[in-house]
Amino acid sequence: MAHQHPKGTRDFFPAELAALHHIECAWRTASVNAGFDEIEGPTFEHLDLYTVKSGEGIVSELFSFKRAGGDVDYALRPEFTPTLARMAAAKGRSLSVPTKWFGIPSHFRAERPQRGRLREFKQWNVDLLGIDAPSADAEVIATAIHALAELGLTHNDVVVRISHRSVVTSMLLESGLDASQLDQALALLDKKEKMDDETFLSKVNEAGLPEAAFTQFDGNTEISHPDLDVLQTELSRWGVADWCTFDFGIVRGLAYYTGIVFEIHERSGAERAIAGGGRYDKLIEMFGGPAMPAVGFGMGDVVLSLVLKDKGLLEEGDAYMPTPEVFVVSASDEGDDAIPNIVSSLRAHGIHARQSYKTTRNVGKLLTEAGKTRAKNAIILGAELEEGNVVVKNLESGEQIQVPLASVVEHFS
Ligand code: HAM
């Protein structure tokens, strides 16, 4: 019986996993260079961790389950922020200020799979705890931008669209919305760009919300809030103002945000959001921790890969596969006997060495095999072994020299 991977998941064969690692390497480098320390948490949590404050959107997309025979409700993690807030709360007052954490966890959402949306994806999380100032917001945004720049993107390719939860909520409340309807209204506004105006208004009416509360956002880009004025200055100081714009269209569906919110998008509007984040100053306290302001974002691998591919910045095929320093081939019985020792010694010296498993004595064929692995050099064990020598061929230049067998490892060290 042939089995298939579940809908919305991916199998990563070596070349695909190498491409993912290429992205993760840019994420990790940007995090570490900016002083963030890596953390990880469990892949599943108690269900109520998510029902408290993530918002309806995410709760309706949970994979939830019970242990066979058990009655405790669990859920596969759909996002990292609740885990991070729980971990921060557990440290309590021993948490240093600031605490700068990053992680690259897998997440699970029972969404309808489509372009840019899967049921399992990787998401880079960067969170800065303990500093309630726009300089921290700017540092977090700059960290995202440094990773994107490392991957070859420029401010002509992507834009950070920044808004403010308080501005949006006060506009909603002033136009007649009841405070009890806020979470629902924010979740709906977050989806506005994904539907046409007619569908959107019919959803507003269906939910019994006042239409006027929503139409005021159309074309209104004049945001003013003291935090945003300072943030503008900070973004310039961090050298990333060219990448950023203030934009009311950004609401964010998650309920825990309290201050600035932002999303990173491909500039022309292709694909979904590459990343989303914002300030969540109350969540850690809500999970039983100390009062601890926080700001951070999550960047998914799925949309980012699509944007990079669209722009020719993510190569197809084996481009990101590790390449051997040395490929060892044998064209003689003595060579066959010598291979394990040579390969093992090279590896023991930290050198990426592979060998041929073919039985042919045809050196041309063996070198073709070496070429396919994109090895930099070949060691040929042939007739020269009788004088205690091997041939080292530079596969890039074609240049060939004889090296004593006894010093071949040294030659590559
Ligand atoms: P989010 O907006 O739900 O935020 O997700 C952030 C990013 O994760 C999205 O922009 C997208 O690239 C990716 N993503 C989300 N869902 C999917 C999916 N089904 N398939 C593929 N990619 C997806 C959060 O998760 C917040 N916890 C981020 C955060 C961290 N806020 C503060 N700190």
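Colleague: How many salt bridges does the count come to?

Modeller: This is a predicted model, in which local features need pLDDT of at least 70 and side-chain atom pairs count only at pLDDT 80 or more, while totals for chains, interfaces and linings use all residues. Residues are numbered from 1 along each chain as its sequence is written, and side-chain values use heavy atoms, with hydrogens and water left out. A salt bridge is taken as a side-chain nitrogen of Lys or Arg within 4 Å of a carboxyl oxygen of Asp or Glu. By this rule the count is 20 salt bridges.

Colleague: Is Arg279 buried or exposed, and what is the relative accessibility of Asp137?

Modeller: Buried means under 20% relative accessible area, exposed over 50%, and partly exposed in between, with a 1.4 Å probe and protein chains only. Arg279 counts as buried because its relative accessibility is 4%. Asp137 is also buried, at a relative accessibility of 2%.

Colleague: In the salt bridge between Glu40 and Arg77, which class does Glu40 fall into, and what is the relative accessible area of Arg77?

Modeller: The side chains of Glu40 and Arg77 meet at 2.9 Å, N to O. Glu40 sits in the loop between β1 (37-38) and β2 (44-46), and Arg77 in the loop between β4 (73-76) and α4 (81-91), 37 residues apart. Glu40 counts as partly exposed because its relative accessibility is 48%. Arg77 is buried, and its relative accessible area is 2%.

Colleague: Where in the chain is Arg161, the salt-bridge partner of Asp247?

Modeller: In the salt bridge between Asp247 and Arg161, the closest N and O atoms are 2.7 Å apart. Asp247 is buried at 16% relative accessibility, and Arg161 is buried at 12%. Asp247 is in the loop between β9 (244-246) and β10 (260-266), and 86 residues separate it from Arg161, which is in strand β8 (residues 158-164).

Colleague: Which residues closest to its centre line the second largest pocket?

Modeller: On a 1 Å grid over the protein atoms alone, a pocket is an open set of points where a 1.4 Å probe fits, with protein on both sides within 12 Å along at least five of seven lines, and lining residues have an atom within 4 Å of a point. Grid points are joined across faces, edges and corners, and the volume, the space filled by probe spheres set on the points, is about 400 Å³ for the second largest pocket. Of the 20 lining residues, the closest to the centre are Arg10, Glu16, Ser305, Lys309 and Leu314.

Colleague: Which helices each supply at least two residues of the lining of the second largest pocket?

Modeller: Two elements each meet that threshold of at least two lining residues. They are α1 (14-33) and α12 (301-310).

Colleague: How many residues of α12 are buried, and what covers them?

Modeller: α12 is mostly covered, with 8 of its 10 residues buried. Among the buried residues are Asp301, Val302 and Ser305. The cover of the buried residues includes α1, β7 (120-129), α5, β10 and β12.

Colleague: Which residues is Val295 in contact with, leaving aside its neighbours within four places in sequence?

Modeller: Val295 is found in strand β12 (residues 294-300) and counts as buried because its relative accessibility is 0%. Its C-alpha atom is separated by 8.4 Å from that of Asp132, 163 residues apart along the chain. With contact meaning heavy atoms within 4.5 Å, the partners of Val295 are Val126, Asp127, Leu128, Ala136, Asp137, Val140, Gly278, Arg279 and Tyr280.

Colleague: How many disulfides does a search of the whole structure find?

Modeller: A disulfide is a pair of cysteine sulfur atoms within 2.5 Å. Cys25 is partly exposed at 46% relative accessible area, whereas Cys244 is buried at 15%. The number of disulfides found in the whole structure is 0.

Conventions:
Helices (H or I, at least four residues) and strands (E, at least two) are DSSP runs, numbered from the N terminus.
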